[in-house]
Amino acid sequence: MDEALKIVDAIKSGDIKPLYLLMGEEPYYVDKVSEYIVEHVLSEDERGFNQTVLYGRDVSVPDLVGAAKRYPMMAERQVIIVKEAQAITGKLDKLEEYVANCTPTTVLVLCYKGKDVDKRKALYKNFQKYGVVLESKKLKDAQVQSWIAKLLKSKGLQIEPKAVAMINDNLGNNLLRIATEIDKLVVNIPSGSTVTAADVELYVGISKDFNIFELRKAIAQRNTTKAFQIVDYFTKSKNDMPLVVIVAQLHRFFSQLLILHGLKDKSKPAAAQALGVSPYFVDEFFDGIRVYPMKKVSSMIAALRDIDLQSKGVGAANAKESDLFKLLLIKIFA
């Protein structure tokens, strides 16, 4: 977020570079920065003749270089945005010469998604030397909740820990999808307010009682009735919580229990840091290690891997997801 904001702030101040390489596994910031360039580098009147959006699959390197060498019409500069630049036909290395001798009146933006340009090659080095490079990395699971809180804060809202967990646990680390749901909260909740679990249920559509966060809590407390109720809800309702997501979240949970079992310093601050969670949630993990000894935790990690394979058709081609859900809980509570 900070690197993307630096680029935006520089453009706001009039420091516009002729080259932008926006790359990485996380498409969210690639899209956000390129959208800002599209909307703010040229005036509305200038865009008609001087702004071009190309797609990598439809443009060759010679065509791109030819377009970049053109001069603007009745404007200080032209802007060329290349979306899905990783799909450009021909070797992107052939852009090296242009990047090293770029046209100063052209703003060339490559949106290179899903991976990075090879940092050992001249193309990357020339973009660094003569322009701006944004490396948009996927957030680690432990970083997503703080990202959610930070994004909401930038939009004038606070959020309670349970509400953050509900969003994260149900939407994973898909930043674009999370941001879309956060926009719903921003529209409906007055600035300066604190987003609650009830708000997330109302505006995002995630149940505050039947979600992965509550399932994990029920498992940690060995509340079998509640756990089976939640799983029944998942299998009967049209929700976005497939078994593969549940298994991934529970695998993470039991892996964290294994870490907690092995800690010498089991104080809450030390545990929160080691587990990568908010101190608000630490009690749930202490509940878990009281209920599940280390041997059981280890066996559950293995069992979750087996369930994951079965959910993908390995060794259980005709197994229903609802049956696998119940089998999972039986293995946990056995």
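Guide: Let us begin with the rings, where F210, Y233, F234 and F325 are linked into a cluster by ring pairs. This is a predicted model, in which local features need pLDDT of at least 70 and side-chain atom pairs count only at pLDDT 80 or more, while totals for chains, interfaces and linings use all residues. Residues are numbered from 1 along each chain as its sequence is written, and side-chain values use heavy atoms, with hydrogens and water left out.

Visitor: How many aromatic pairs does the rule give?

Guide: Rings of Phe, Tyr and Trp (for Trp, its six-membered ring) pair if their centres lie within 6.5 Å; planes under 30 degrees apart count as stacked, over 60 as edge-to-face, and the rest as tilted. By this rule the count comes to 10 aromatic pairs.

Visitor: Why is F234 called buried?

Guide: Buried means under 20% relative accessible area, exposed means over 50%, and partly exposed lies in between (1.4 Å probe, protein chains only). F234 has a relative accessible area of 6% and is therefore buried, and F325, at 1%, counts as buried too.

Visitor: How do you know that K226 lies over the face of F210?

Guide: A charge sits over a ring if NZ of Lys or CZ of Arg is within 6 Å of the ring centre and within 35 degrees of the ring normal. K226 lies over the face of F210 at 4.7 Å from the ring centre.

Visitor: Why are α16 and α17 called roughly antiparallel?

Guide: The axes of helix α16 (residues 294-311) and helix α17 (residues 321-333) come within 10 Å and cross at roughly 170°. That angle makes α16 roughly antiparallel to α17, because angles over 145 degrees count as roughly antiparallel, under 35 as roughly parallel, 65 to 115 as roughly perpendicular, and the rest as oblique. The axes are lines fitted to C-alpha atoms, for helices over the stretch in contact, and the angles run from 0 to 180 degrees between N-to-C directions.

Visitor: Which residues of α16 and α17 meet?

Guide: With contact defined as heavy atoms within 4.5 Å, K296, M300, A303, L304, I307, Q310 and S311 in α16 meet L324, L327, L328, K331 and I332 in α17. These residues divide into 8 nonpolar, 2 polar and 2 charged, where Ala, Val, Leu, Ile, Met, Phe, Trp, Tyr, Cys and Pro count as nonpolar, Asp, Glu, Lys and Arg as charged, and the others, Gly among them, as polar.

Visitor: What makes α8 and α11 roughly perpendicular?

Guide: Helix α8 (residues 161-171) and helix α11 (residues 212-220) pack at an angle of about 105°, with their axes 8 Å apart, and that angle is the reason they are roughly perpendicular to each other. In this contact K162, A165, D169 and N170 in α8 meet I212, F213, E214 and R216 in α11, and these residues divide into 3 nonpolar, 1 polar and 4 charged.

Visitor: What is the phi of M74?

Guide: Most residues other than glycine have a negative phi. M74, although not a glycine, has a positive phi of about 50°; M74 sits in the loop between α4 (61-68) and β3 (78-83), and at 72% relative accessibility it counts as exposed. E84 also has a positive phi of about 50° without being a glycine; its place is in the loop between β3 and α5 (96-100), and with a relative accessible area of 29% E84 is partly exposed.

Visitor: Is Q256 buried or exposed?

Guide: Q256, in helix α13 (residues 243-262), has a relative accessible area of 7% and is therefore buried. Not counting residues up to four places away in sequence, Q256 touches L275, V277 and F285.

Technical notes: Helix = DSSP H or I, 4+ residues; strand = E, 2+ residues; numbered from the N terminus.
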